[in-house]
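Good morning, and thank you for joining. Please look at the structure on the screen while I describe how its parts are arranged.

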Amino acid sequence: MLQMSVNRESHGTRHSGSVPTTLAQLPKGEAGVLERLDLPEDIARRLMELGFLPGHVVVPARSAPGGEPRVYRVDGSEVALRRETASRIILKPPSKGVGKAREL
Amino acid sequence: MSDCHSCASCSVAVAPPPSINGTKPHVVAIIGPPNSGKSTLFNRLTGLRQKVANFPGVTVEQRLGRARMPHLDREVILIDLPGVYSLNPRSEDEQVTRDVLQGTMTGLPKPDAVLLILDCTNLGRHLVLAAPILSLKLPTLVILNMADDLKSRGGQVNTAELASELGAPVALVSATKGDGVEKVFQFMEGTAGGTTSLAPPRVELPVLQDIPRCRQWAHQVGSGAGYQAPAPPAWTRRLDAIFLHPVAGPIIFLVVVAGVFQTIFRGAKPLMDGLQAFIEHSSAWLGSVLPDGILRSFLVEGVGHGVGSVVVFLPQILLLFLFIGILEDSGYLARAALIADRTMAKFGLQGKSFIPLLSAYACAVPAIMATRTIESKRDRTATILIAPLMTCSARLPVYTLIIAAFIKERPLLGPLLGTQAGALLGLYALGFLAAIVTARLLKSSVLKSERTPFMLEMPPYRMPTLRSLSLRLVDRSKVFLRRAGTVILAVSLVLWIMLHLPYHDGKAPEIENSFAGMVGHTVEPVIKPLGFNWKIGIGLISSLAAREVIVGTLGTIYGVEDADANSSGLQQRLQSEITPGGAFALLIFFAFAMQCMSTMAVVRRETGGWKWPAVQFTYMTFLAYLCALITNQVVRSGIFT
């Protein structure tokens, strides 16, 4: 009934060295800065109300067994998203200051 | 307030009537984002003086309550609005909230004042809702809830500064502990007495459609008031490390689910037995003190067997709600939905459907009400449609009776599982299988939709309070008993009359010649291929009201004095009445058929029309008939002998 595989714990490891461009690729515990939401208007608005706004810092936290949905810390709260949604949330490239971004 | 708020047909009459002393009641709306502690504050202000109803025409629940003002001779009516993040009308919840606040909701007067409740441990994000609320220009009190958490986690805010930034009074409150609630009463007394005036906000309100702008505004207001966000909730992080652990998490999840099950079945049993004994004793006592006649016959056979057999389920239902209350108030339910999401996604549903389906094992009625948390209308409808296929507790009496009569007890898995318990388990599995296959069918056809994204806020863990749990139980008992006292009583009455008419020579007829008997004979040709006779036919028809009614009906029909207390007599009668094929067919029929008027009524209310209950009834009855037919024919052909 439950998927127990844990091999996909962090999505970023496969491209170690390459820069995460979407929230789904950001490894657990690392901070990223949101650039835009590549999603239909109503879903994007709902996400923005939950704190996923351009410029905000997001940190992937724990996930359900099997790696998704994953909990993301954003704007003072924790919100769970499936990977299909997280992969449409685009991050700013690190030159704009991702690496030093601190968790809220 | 009138008593008819939960009855669907008169849901338009939600306007609070004038209070006793003639003055118009003062209407105050409570609004806040989800997880802001809105309902806790509502309960704190109104206590037991509250009612749950639906807003007319939509499926959104409204709660109305009365607050008793210490120093004021005017009635204050509180409206608890759904939890929303904004007033942009996209979901039904937001539409209703907006309509109520603008005074355009049918049957409800425009509120005289607003209580805006925000979680001050996350003020930056929650303040966003203040912009559209303040722009309504209604007298508003901004309530910063969870003041105790803010303090203990080292955050702070200057309420006086915030009040002048917003141009509205601000109160720091802890709704669970009751700290600061007196300020809320003072505000309501002020607005009711007409002594509160509006001040313009110091910071100009942003364009409401622009969410980033609103968030910026909230940040600006917050820092103007010296807001310092508290440290992250340490306990929540620690508990999530356990509950969302890759190995321990799913194990705890399964233990919780199994524990809920076990308690609903085993834990409720002594309570149910006690209640059963009480009802039987009252029936017997009534039978002994009343003179022989119509009244006694009706009270003992009609009310005692009919209504009594249903009221027995009250402890089970209360236990279920206690569990759901604890899981929900503590914050674990959000984690359970998260863990279940992947499995539910395989059947075209999502994690949020898990909670109602779990409750459907007790009763489909609360389960269907619990689907309100699912935002996607199609997912919600699919969940509503499959919920009655899950094995509810009303099927248990039917299953137990037939299994005991027709399946010989033999060890199946050594001493661990016998054939009888195995059959019962099989029926549970069958219901679950039917539910998920139906979900898959619905989601790949009529209810096909883009996979709606799963977005679920994980609230911090909190200790459930005794106060809110007991309020829930009282609330649900009222709903349940009202139903038993109306629908079930009505069916019992009709059946009893049908069994006793038409009179011949001043005597009630033989059952065979009664109206009920005639109905049974009329349907017999249709159900004969399933292995059912006309008496089962009467049972099937009467159990359209509620599944367990068939046990009482057959008891009455077979002339067994007390069907429930002497069920071995009923078992023997059944063995001589129907073949094993018919018995198995009856089990299968009850596994699939929609024999429950309360469920139909609640589906109609929740889906806003007769279309879905009609589809559901047709589908389930057809499925039940077909599978029962196959079962009877297969068993009769002797393949398994």
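I begin with an open sheet of six strands, ordered β5(A)-β1(A)-β2(A)-β3(A)-β4(A)-β8(B), with antiparallel pairing. Strands here are DSSP runs of E of at least two residues, helices are runs of H or I of at least four, and both are numbered from the N terminus. Two strands pair if DSSP finds at least two bridges between them. The edge strands, each pairing on one side only, are β5 (89–91) of chain A and β8 (455–458) of chain B.

Residues are numbered from 1 along each chain as its sequence is written, with chains lettered from A and ligands numbered from 1 in the order in which they are written. The model is predicted: local features need pLDDT of at least 70, side-chain atom pairs count only at pLDDT 80 or more, and totals for chains, interfaces and linings use all residues.

Where do the two chains meet within the sheet? β4(A) and β8(B) pair in the antiparallel sense over four bridges, and the bridge partner of A:V79 in β8(B) is B:E457. Within chain A, β2 (residues 57–63) and β3 (residues 70–74) also pair in the antiparallel sense over four bridges; there, A:S63 has A:R70 as its bridge partner.

Turning to the interface, 32 residues of chain A are in contact with 27 residues of chain B, contact being C-beta atoms, placed from the backbone, within 7 Å. On the side of chain A that touches chain B, α1(A) gives the most, with seven residues.

Methods
Two residues are in contact if their C-beta atoms, placed from the backbone, lie within 7 Å.
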